[in-house]
Amino acid sequence: MEPKEPKEISLEMKEYLVSAGAQTLDHCMSCGLCSALCPWRLVSGHTSEVFYIRRMQRLAQLGLEGFDDEEVLFACTTCGMCQRNCPRQVKIIENVRSMRSTTVEAGFVPSSLRSVVGSLHSNGNPWSGPREKRMDWQKGMEVPAFTPDTEYLLFVCCTSCYDPRSQKIARNVVSLLKAAGVSFGVIGVEESCCGETVRKIGDEELFQKLAESNIKLFKEKGVKKIITTSPHCLYTFKHEYPELGGEFEVVHYTQILAELVQEGKLSLTVPQDKKIAYHDPCYLGRHNEIFEAPRNLIKAVPGAELVELSRAREKSLCCAGGGGRLWAEVPRGERFGELRVLDAEERGADTLVTACPYCVIMLEADCLALDKQEKIKIMEISELLSASMGRES
């Protein structure tokens with residue numbers, strides 16, 4: 001057996017990672033709880049075999065090669081399960097982001113993400129959609145424009161601007177807000193992506209560019225309050241824009257609609273006889289602590305029966321679309337979302353409802369991969385509510 005070449009510890013690399021944002025890297029005591037809780041432990045396959053978040057943190061602590069391997073570094077979905085349960089309160093997602101930034105700054109971007117980053121640079125969105133078509137989702141609708149007298153800016157996620165399936169979410173949210181008499185409006189093609197995904201990918205410079213552009217735009221337009229269609233936009237506007245001078249009151253649309261239903265300002269009257277399992281999106285639930293509003297909306301729909309999945313609320317299982325993984329190619333049998341579909345089926349549900357455009361894309365693909373599309377329907381909450389108002393989704 002040939003001896004292995006010794007590896008050299010590089011404290012310079014460790015210090016570089018810390019300076020890039022991995023400030024809690026040394027807090028990790030390698031207890032292994034993060035790896036045990038990681039959703040990659042629930043599936044089989046190559047990525048599951050090579051990705052261990054504890055090992056990746058340890059390699060980074062020592063400045064050893066290996067943490068920057070593409071299959072390892074870009075496997076994390078930033079779901080937050082490990083971070084929420086870390087006994088040393090290590091900011092694991094910040095550490096992963098910082099590790100990624102060292103490779104992205106050096107010019108390395110995984111092949112699956114090159115078009116995403118390129119489109120964000122040139123078009124202001126990750127979907128390779130022309131900027132001038134950002135508002136095509138509202139064709140045939142009367143969507144109010146934001147003015148200084150408008151209370152809320154409705155910020156529509158890039159996914160719902162360009163992805164045909166996801167455009168239904170934006171259209172339904174608009175219809176629901178109008179029906180409830182909410183003062184809201186949209187800005188339009190001047191908007192850019194919130195930058196959440198590209199920051200998690202590790203392109204900090206591009207994130208700063210997108211964020212500063214939006215903050216300047218919002219301030220010029222007189223924006224004080226924002227309603228988002230996506231939990232990812234919610235997280236970024238609420239938790240990351242303030243450090244760049246973007247102080248806004250931000251809510252997810254399910255929060256404001258739940259209040260309006262409770263106040264009797266939004267009437268849901270058309271029965272929807274469905275047994276519904278609700279999937280908590282990571283960025284709505286764990287990252288933003290919004291658990292009750294979506295459930296209260298489902299319960300308000302006449303005829304709807306809500307059942308809980310085996311992993312719910314703080315323990316919800318990631319759909320695998322975060323951290324840039326929305327664009328990753330993952331073989332059947334290695335997808336977290338498949339476990340969500342099977343769980344919903346085992347609970348006797350005929351509908352799996354969520355509140356995130358990323359989750360909708362992932363869960364529908366997984367439902368199709370399992371050939372369960374005739375048994376389980378994937379819906380976004382805005383679609384369920386619109387159906388209960390007798391509107392086309």
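Reader: Which residues does Thr 351 touch, not counting residues up to four places away in sequence?

Author: First, the ground rules. This is a predicted model, in which local features need pLDDT of at least 70, side-chain atom pairs count only at pLDDT 80 or more, and totals for chains, interfaces and linings use all residues. Residues are numbered from 1 along each chain as its sequence is written, and side-chain values use heavy atoms, with hydrogens and water left out. Contact means heavy atoms within 4.5 Å. Beyond four places in sequence, Thr 351 touches Lys 274, Lys 275, Ile 276, Ala 277, Lys 377 and Met 379. Thr 351 lies in strand β7 (residues 351–354). Helices (H or I, at least four residues) and strands (E, at least two) are DSSP runs, numbered from the N terminus.

Reader: Is Thr 351 buried or exposed?

Author: Buried means under 20% relative accessible area, exposed over 50%, and partly exposed in between (1.4 Å probe, protein chains only). Thr 351 has 1% relative accessibility, so it counts as buried.

Reader: Which side chain makes a polar contact with that of Thr 351?

Author: A polar contact is a pair of N or O atoms within 3.5 Å; within protein, one must be able to donate a hydrogen and the other to accept it, and residues adjacent in sequence count only if both atoms are side-chain atoms. The side chain of Asp 350 is the partner, at 2.7 Å.

Reader: Where is Ser 386, and what does its side chain contact?

Author: Ser 386 sits in helix α18 (residues 381–388). Its relative accessible area is 0%, so Ser 386 is buried. Its side chain makes a polar contact of 2.9 Å with the side chain of Asn 172. Sequence distance is another thing to read. Ser 386 and Ser 175 are 211 residues apart in sequence, yet 7.8 Å apart in space, C-alpha to C-alpha.

Reader: How many residues does helix α8 have, and what span does it reach?

Author: The expected span of a helix is 1.5 Å times one less than its number of residues. Helix α8 (residues 111–123) has 13 residues and reaches 19 Å from its first C-alpha to its last, close to the expected 18 Å.

Reader: Which residues of α8 are buried?

Author: They are Leu 113, Val 116, Val 117, Ser 119, Leu 120 and Asn 123. These residues cover an arc of only 160 degrees around the axis, so they lie on the same side of α8. The arc is that of the directions from the helix axis to the C-beta atoms. The face turned away from the buried side carries the exposed residues Ser 111, Arg 114 and Ser 122. The cover over the buried residues of α8 includes α11 (196–201) and α12. Just after α8, Gly 124 takes a positive phi of about 80 degrees.

Reader: Which residues touch the most other members of the largest nonpolar core?

Author: A nonpolar core is a set of buried Ala, Val, Leu, Ile, Met, Phe, Trp, Tyr and Cys residues joined through side-chain atoms within 4.5 Å. The largest has 130 residues, and Phe 218 and Leu 257 touch the most other members. Helix α12 (residues 204–221) gives the most to this core, with 7 residues. Leaving aside neighbours within four places in sequence, the contacts of Phe 218 include Leu 153, Phe 155 and Ile 187.

Reader: How many disulfides does a search of the whole structure find?

Author: A disulfide is a pair of cysteine sulfur atoms within 2.5 Å. The search finds 0. Cys 158 is in none; its nearest cysteine sulfur, that of Cys 193, is 4.0 Å away.
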